[in-house]
Amino acid sequence: MKNKCICLLISFAFGLAVGCLPKFIWDFHVSVYSLITFIITIGVTIYVAKIIQRSTQYKVSQNQMLVSKVNDIDNLVKNIHSLIQSDGFSYKQLIASFQILYLNAEWIINGINEIHPQLNNRESSSLLKEIRKIQKISTYTPPGKESSEISISDDKVSYTQSKRDEVVKVLSKLRASLFNLEVDIYRQ
Amino acid sequence: MNNIIQLSIAKDFSKTPGVRFPSEGNYSGEEFRDKILIPKLKEALENHDKLLIDMDGTSGLGPSFLEESFGGLIRKGYNLDELLKTLRFKSDEVSYYKDDVITYMKEAANEK
């Protein structure tokens, strides 16, 4: 019923408009100047719209690429997380994993800072410091005595439960920082 | 006199340096310090040369390895100022190794 009423109203309005049509004056005299202005206006509008569209697409794909690279760092952190889960993992492998993580993070963060310099003093700059700190927490043994929390024999590492919890905690914190960095990139 | 003696951790010791003590595994910081670093350091000190330590080319240098190698020099009786004058570091791949080594030597000197 409601739809029928709306159709009726639209038909009435259309009929009224058609009824008024003869009152309009059609003037087909168009000056060359107006025509050129009209064409130029349309051309410029299309051109500007295309440029805006292209730059937006470029920015979106650039940010997507950066976020996928940050995801790569996150995967390296996940690998370290699974490496330390059980006793007897290789100390050298852990050290090498941290070097790969640091170098990748440094490379990607330099890229982010180049594209989004405004992020420089936020998440990105603290990430490298965080990675160094985590490496020290996970691998450092004190001089002159055996570590009470990290025991190493024949390159195989065992953590105490509290040490493992500590390392897992800082790795999780790093992953949260990486997520915040991804959010920051998408906001640009 | 004031020549530069070169020492590459990767070439002269191992591409995969590891732990702090030999009891923990092979290619330890203690082994590097005693067998490779100190003989070169003695040579450099005797001839008033500089000793350039190339830290590139390894799969990674752990903080315990670096602390034992360089902080351990202080504990072995070497003077911090003398070491800072003699030692030079090249660490193009991982820039912070150089800073860490200097920090470990200073911390070891403070703890003496």
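Predicted model: local features only at pLDDT ≥ 70, side-chain atom pairs only at ≥ 80, totals over all residues.
User: Which helix gives the most to the lining of the largest cavity?

Analyst: The elements that give two or more residues to this lining are helix 4 and helix 5 (161–187) of chain A. The cavity itself holds about 40 Å³ of space, and the count of cavities of 30 Å³ or more comes to 1. With 4 residues, the helix that gives the most to the lining is helix 4 of chain A.

User: What is the space in the largest pocket, and which element gives the largest share of its lining?

Analyst: About 180 Å³ of space lies in the largest pocket. Of the 13 residues that line this pocket, the closest to its centre are A:Arg132, A:Lys136, B:Pro63, B:Asp100 and B:Tyr104. Two or more lining residues come from each of helix 4 (120–139) of chain A, helix 3 (63–75) of chain B and helix 5 (96–111) of chain B. The largest share, 5 residues, comes from helix 5 of chain B.

User: Why are helix 3 of chain B and helix 5 of chain B described as oblique to each other?

Analyst: The axes of these two helices come within 8 Å and cross at roughly 45°. Angles under 35 degrees count as roughly parallel and those from 65 to 115 as roughly perpendicular, so an angle between these ranges is oblique. Helix 3 of chain B passes helix 5 of chain B in a right-handed crossing, and the orientation of the two helices is therefore oblique.

User: Into what classes do the residues of the contact of helix 3 of chain B with helix 5 of chain B divide?

Analyst: On the side of helix 3 of chain B, the residues in contact include B:Leu66, B:Phe70 and B:Ile74, and on the side of helix 5 of chain B they include B:Val101, B:Met105 and B:Ala108. The residues of this contact divide into 10 nonpolar, 1 polar and 2 charged.

Methods:
Residues numbered from 1 in each chain as written. Chains lettered and ligands numbered in written order. Heavy atoms only, no water. 1 Å grid on protein atoms, 1.4 Å probe; cavity = no way out; pocket = protein on both sides within 12 Å on 5 of 7 lines; lining within 4 Å. Points joined across faces, edges and corners; volume = space filled by probe spheres on them. Axes fitted to C-alpha atoms, helices over the stretch in contact; angles between N-to-C directions. Parallel < 35°, antiparallel > 145°, perpendicular 65-115°, else oblique. Left-handed = near helix turned anticlockwise from the far one by under 90°. Contact = heavy atoms within 4.5 Å. Nonpolar A, V, L, I, M, F, W, Y, C, P; charged D, E, K, R; others polar.
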